[in-house]
Amino acid sequence: MRQGEISLAGILALFSLYLMWKSTELPIGYIRGQGPGGGFWPFWLSVGMLLSCLAIAWNWWRGKSPAALSDEPLMDAFGWRTVLFVGGGVVGFVAMISIVSMYGAVALFLIYYLRFLGRHSWLLTLAIAVVLPVALFFFFEGAMQISMPQGLPFTQPFFDVMYDIIY
Amino acid sequence: MEVLSFLASGVLTALEPINLGLILIGVTVGLFIGAMPGLGSVNGVAILLPITFLVPPASAIIFLAAIYYGAMYGGAISSVTLGIPGASTAVATTFDGRPLALQGRASLALVTAALASFVGGTVATVFFSLFAPLLATVALNFGPPEIFALMLLAFATFVGLGGDDIPKTIFSICFGLVLATVGFDTISGEPRLVLFDIQGFLRGIGFIVLAIGVYGIGEMLWTIEQTRGEITTTNPKMTVKGLASDAKEAVRRGWKGTWIGSLLGFFVGVLPAAGATPGSLMSYGVAKMVSKTPEEYGHGSPDGVAAPEAANNSASTGSMLPMLTLGIPGSPTTAILLGGMVIWGLTPGPRLFIDESEFVWGLIGSFYISNLAAVLINLAFIPLFVWMLRMPFTILAPLIFVLSIVGGFAASRSMHDLWLIVIFGLGAFFMRKFDYPLAPAVLAIVLGPIAEPTLRQSLLLSSGDPAIFFTRPIAGPITVIAIILILLPAIKLLRRKGRVATS
């Protein structure tokens, strides 16, 4: 944890410097007749971020934050597995949207999570993985008239059938 | 007395069968739209605006106002049960609503939210009926310096009262404010902070993207990791008796927050460009400030649920005031309502109360009826929402992820934003591990688009002299209070050091 605290503060400080530099693309000072330039507000806020990171590092050096005093690892094997399988599952879910459509990705993610991470029965898994995307389709496309991504052309027959039902 | 007779005829208009039917449908639809992460009153009102052309203008606005009310109630539902604020107005409800749900007190949180919303809405409607024209003139005196001072106060309450690590809180606020500046500079119109030159950033970063990332993904990952995936803290038993005892407890432990939220929410809602979100966040801050047990806030205080919920309902009524009397919308939703009124052939402004008094009083009468309908429908649905928490966490968790991603897309319609949600979620998980408070960042990205233009306009007014925030009669005291609050942690530290030195 101790090493993680200072490493994170370092990364955030670098990001603050990047934001400061990026803000200077627009004027950061006062322009007569126009008021503060477009970069003024983000620049000084990024300075605030950088100063906060320095204060966090100062507290770390003095051992004033709980993480600075902790010798425990950031996460144990379970924690890393959680991030990998659950977080990875969410990344996979979003990646699949452009291929199998939003509803297809929802179904696949539910099968992955419910069956393989949650160890629920196939019956329950498939029931939820079919009912939820269909319900979401009727809610968004039918009631709210919001179109979700439809993925690659091979998903089109599914959408044709569903649109026939709602229109 | 004249007001009472107008009001009575307004209530009778609202009780006409067509209007009553529209109120019941509007409130129920609004409740479910508000409960959906990513969708709020603005989506409901915008989407259903076209169908209101089928009914007379008075019925149409009554229907839209009922959706607005329903959505305000509904926002609390996803904040409590899923831990994701359904809309920016319900961000502050998450702070104590979610901890209560995790302690098995979801029904208490939902009942508190419903009752507080009812009181907030009713108090605001009474104010609305009595002081409409007078308050409109007060609100008109709020210029950019006053509104910026209010924003400063909202941030100061987080720095001064948050028990968290101060540098990390300040980092979080600045980070949220910087994210709000991505896209285009609203004053010069030039592209700004297009991060890593990725074109998707030209559209800016919406509040909902950060909120869903932090609460829908980051917080969920953190909860699964911390509890080893075995969450057994929810108590799903729901009975009529339980509901009654929750209602009693909500009144006993949430009345203070309810009153603060009702009063403050209304006045902040009345201010043009402020609206329900700053109203709810400030009410939370003030309720915590005056509480005898501020340490309970953030850990499941019913007052912490009541204050923002009373405030957002109160403010949503308040924000209709400048819309009707001055033609200035106080929130995005009222901007759409205003558009609707123009389409229906009504001209909002001071003459509306005289030229279209039947319409105005019919609308005010409908506020009372909508409020009553909303609290009853909401209480009737609480068992359904609490039932959701009976699901094993291995079913609830993927449902929350799915609703987050689908809701995130519905709100922004952009794959770029979905990837940002995932990145913010993973980032929030690691920042949460190191005790970075993320609620201030969400608050900041919401208030940033109000704070920046008002600061720049104020400095332009004063030719760059920051004294403008101290010398004006309304802005001055607010700024001074904000600065004291920001310095409060340092003052406390010095006093503690002084005491140690003396002893």
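Me: How far apart are the C-alpha centres of domain 1 of chain A and domain 2 of chain A?

Reply: Heads-up: this is a predicted model, where local features need pLDDT of at least 70, side-chain atom pairs count only at pLDDT 80 or more, and totals for chains, interfaces and linings use all residues. Residues are numbered from 1 along each chain as its sequence is written, while chains are lettered from A and ligands numbered from 1 in the order in which they are written. Chain A splits into domain 1 (2-69) and domain 2 (77-166), with bounds from an automatic or database domain assignment. The C-alpha centres of these two domains of chain A are separated by 39 Å.

Me: Which element gives the largest share of the side of chain A that touches chain B?

Reply: The contact (C-beta atoms, placed from the backbone, within 7 Å) draws 57 residues from chain A and 47 residues from chain B. Elements giving two or more residues on the chain A side include α1 (2-23), α2 (40-61) and α4 (77-117); helices (H or I, at least four residues) and strands (E, at least two) are DSSP runs, numbered from the N terminus. The largest share, 19 residues, belongs to α4(A).

Me: At what angle do α4(A) and helix α9 of chain B pack?

Reply: Here G79(A), T82(A), V83(A), V86(A), G87(A) and V90(A) meet I217(B), L221(B), I224(B) and E225(B). The axes of α4(A) and α9(B) (residues 207-226) run 10 Å apart. With axes fitted to C-alpha atoms over the stretch in contact, and angles running from 0 to 180 degrees between N-to-C directions, α4(A) and α9(B) pack at about 145 degrees.

Me: Is Y18(A) buried, exposed or partly exposed?

Reply: Y18(A) sits in helix α1 of chain A, and its C-alpha atom is 45 Å from that of V130(A). The test counts other C-beta atoms, placed from the backbone, within 10 Å: 20 or more is buried, 12 or fewer is exposed, in between is partly exposed. Y18(A) has 13, so it is partly exposed.

Terms used. Two residues are in contact if their C-beta atoms, placed from the backbone, lie within 7 Å.
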